[in-house]
Amino acid sequence: MDEEELQVAYLPDDRVVGASINPHFCGQVTSLGADVAQVTLTTKEDMEVESGITHTGFLQASAGFAALCAINKKHSIIIGSDVKFLAPVETNQIVEFRAKTVLGDMRKCEVKVEGFVLNIKIFEGLFYIVIFDKKLFKLKLKDDQKGV
């Protein structure tokens with residue numbers, strides 16, 4: 001993905017997904033455009049699976065976040081992924097995830113995400129996303145318990 005493609009400019013504030021997500025664990029949106037997004041994750045000690053090595057779950061979460069940002073539509077949910085971790089990531093590294101929609105229609109999308117540390121590819125994945133017309137779950141647990 002070219003740097004020029006990522007500069008199709010929306011501001012990161014224009015995103016409609018993950019507004020309350022914790023950027024410490026999923027990364028910070030650094031670029032957002034039509035069908036593209038870039039998320040940067042800085043790995044920290046509280047992400048370690050063992051001393052000095054970041055748990056891959058944080059990498060996958062950040063890549064998934066980048067995929068959702070590339071779609072940037074309300075009520076979008078990841079329903080699957082096919083990912084490869086190409087190298088371990090050390091603590092205190094900056095990982096740049098670049099997401100680009102490769103197939104998109106009104107309801108189903110596929111987003112390719114690549115992750116880099118110092119221009120070395122350490123992650124690649126394909127995320128499958130479905131977009132719903134309205135919020136998928138509306139649980140009212142307090143109301144349900146009153147009738148029990």
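**View 1. E48 sits in strand β3, which covers residues 48-50.** Strands are DSSP runs of E with at least two residues, helices are runs of H or I with at least four, and both are numbered from the N terminus. This is a predicted model: local features need pLDDT of at least 70, side-chain atom pairs count only at pLDDT 80 or more, and totals for chains, interfaces and linings use all residues. Residues are numbered from 1 along each chain as its sequence is written, and side-chain values use heavy atoms, with hydrogens and water left out. E48 has a relative accessible area of 31%, so it is partly exposed. Buried means under 20% relative accessible area, exposed means over 50%, and partly exposed lies in between (1.4 Å probe, protein chains only). Patch residues have over 30% relative accessible area and no salt bridge; like charges are joined within 9 Å, and nonpolar side chains (Val, Leu, Ile, Met, Phe, Trp, Tyr) within 5 Å. A salt bridge is a side-chain nitrogen of Lys or Arg within 4 Å of a carboxyl oxygen of Asp or Glu.

**View 2. S62 is part of helix α3, residues 56-71.** S62 counts as buried because its relative accessibility is 0%. Beyond its neighbours within four places in sequence, S62 contacts C26, G27, V39, L41 and F97. Contact means heavy atoms within 4.5 Å.

**View 3. K112 belongs to strand β7, residues 108-117.** Its relative accessibility is 40%, so K112 counts as partly exposed. Residues up to four places away in sequence aside, K112 touches R98, A99, K100, V102, G125 and L126. A66 is 46 residues from K112 along the chain, and their C-alpha atoms are 9.6 Å apart.

**View 4. F132 lies in the loop between β8 (120-131) and α4 (141-146).** F132 is partly exposed because its relative accessible area is 31%. Together with I77 and I79, F132 makes a nonpolar surface patch of about 250 Å².

**View 5. The whole protein has four helices and eight strands.** Along the sequence, the pattern reads α-α-β-β-β-β-α-β-β-β-β-α. Of the 148 residues, 35% are buried. Among contacts with a separation of 6 or more, 62% link residues 24 or more positions apart. The accessible surface comes to about 9,000 Å², and carbon and sulfur atoms hold 53% of that surface. Accessible areas come from the Shrake-Rupley method with a 1.4 Å probe; for residues, only the protein chains shown count as cover.
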